Amino acid sequence: MVKRRPAILVLEDGRTFPGEAYGSVGETFGEAVFNTGMTGYQETLTDPSYHRQVVVQTAPHIGNTGVNGEDDESGRIWVAGYVVRDPARIGSNWRATGGLEDRLATEGVVGISGVDTRALTRHLRERGAMRVGISSIDNDPQSLLARVRQAPQMVGADLSAEVSTAEPYVVEAAGEHRFTVAALDLGIKRNVPRRLATRGVTTHVLPASSSIEQLLATGADAIFLSPGPGDPATADAPVELAREALRREVPLFGICFGSQILGRALGFGTYKLGYGHRGINQPVLDRVTGKVEVTSHNHGFAVQVPGSGNGAVVPDQVIDTDFGGVRVSHVCLNDNVVEGLRAVDLPAFTVQYHPEAAAGPHDADYLFDRFADLIEGRTHSKGRSNA
């Protein structure tokens with residue numbers, strides 16, 4: 001067995017975990033978060049929402065199925081660092097085109113293996129997400145700790161422009177074209193336009209800096225606000241764009257970061273969760289249908305509506321806003337965090353979690369049908385009003 005290079009992980013409160021270099025040899029810093037998914041590590045690594053975060057995998061064995069050229073959610077790995085307990089020595093799957101560690105090394109992703117990820121996760125669960133450093137070139141904990149405490153925090157981080165597409169592109173509808181959607185790319189995943197395409201939707205993906213005029217110039221029947229990284233409190237330009245779309249009564253759908261943007265546009269605040277929701281097993285109640293869904297999450301911030309926060313049960317009532325009534329449509333059953341909003345008087349809704357989750361589960365895939373139905377209803381309504 002090849003002897004691995006020693007490495008250390010140091011949290012900003014001084015807690016230190018020894019391990020071995022995994023992936024690229026070097027040093028990295030970011031916000032330490034944990035993901036409870038037992039599958040989908042390739043989708044996690046390539047999700048732009050993990051930009052500037054060091055991901056701790058709670059599943060003990062990672063890399064078992066290698067990597068392939070089909071499951072990426074973007075054009076590169078976005079995580080700032082990667083923490084695993086027992087990396088697979090051999091990736092075995094008929095779709096695999098390479099090994100996970102080789103992919104990490106090729107893209108310069110510094111990781112650490114052999115870590116007691118259960119103890120690390122429990123520490124983050126109790127103390128909250130915090131800054132962290134991983135180094136396989138400096139094994140002095142105090143030296144690394146000093147640099148960890150100089151690293152930027154996630155609160156106040158404006159990151160959408162760093163992950164957004166540089167140029168617009170189009171994903172065509174699969175089969176018959178029904179609608180056109182303009183997607184504001186705040187960190188979009190590839191599976192979003194794919195899921196829309198199966199509903200006959202052609203998606204124009206535009207940079208995060210785009211104006212509403214540029215979005216509507218595509219001939220869009222509706223606007224999609226994508227997931228993405230960073231603190232939603234910094235995203236003033238997308239919030240103003242969403243407000244203008246609400247004023248014009250353009251159908252809107254926001255996921256995750258996009259949900260927080262639309263929440264702010266409706267007049268609500270946002271706040272940072274203690275350690276966030278990241279995994280593929282979160283129970284969410286859909287108040288529209290009364291069903292409980294098992295859902296995929298990746299968010300460290302949430303929308304604050306009157307009566308929510310600190311585990312309080314969110315009232316199921318209409319909330320008055322400058323854009324009419326709004327209801328909380330979805331609630332996390334673990335901690336009562338707001339997981340979705342629905343405008344009563346305008347064609348707009350959001351969910352905080354990920355119905356496009358490529359690794360699953362797919363309980364919430366119906367939300368793309370709900371979006372298509374919203375567009376269809378609005379299109380027919382406009383057609384009647386213009387008749």
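Student: To begin with, how far apart do the C-alpha centres of domain 1 and domain 2 lie?

Tutor: Happy to! Please keep in mind that this is a predicted model. The C-alpha centres of domain 1 and domain 2 are 28 Å apart. For orientation, domain 1 covers residues 6-149, and domain 2 covers 160-376. Their contact draws on 25 residues from domain 1 and 21 residues from domain 2.

Now for the area. The size of an interface is often expressed as the accessible area lost when the parts come together. Between domain 1 and domain 2, about 2,000 Å² is buried, with 47% of it on carbon and sulfur atoms. On the domain 1 side, P48, S49 and E73 lose the most area to domain 2, and together they account for 28% of what that side buries.

Next, the pairings across the boundary. Two salt bridges are counted between domain 1 and domain 2. E31 and K272 form a salt bridge, in which the closest N and O atoms are 2.7 Å apart.

Finally, look at which elements of domain 1 face its partner. Both β3 (27-35) and α3 (117-127) supply at least two residues each to the side of domain 1 that touches domain 2. The largest share of that side comes from β3, with four residues. Sorted by class, the side of domain 1 touching domain 2 has 11 polar, eight nonpolar and six charged residues.

Conventions
Residues numbered from 1 in each chain as written. Predicted model: local features only at pLDDT ≥ 70, side-chain atom pairs only at ≥ 80, totals over all residues. Heavy atoms only, no water. Domains from an automatic or database assignment. Contact = heavy atoms within 4.5 Å. Buried area = accessible area lost by both parts, 1.4 Å probe. Salt bridge = Lys/Arg side-chain N within 4 Å of Asp/Glu carboxyl O. Nonpolar A, V, L, I, M, F, W, Y, C, P; charged D, E, K, R; others polar.
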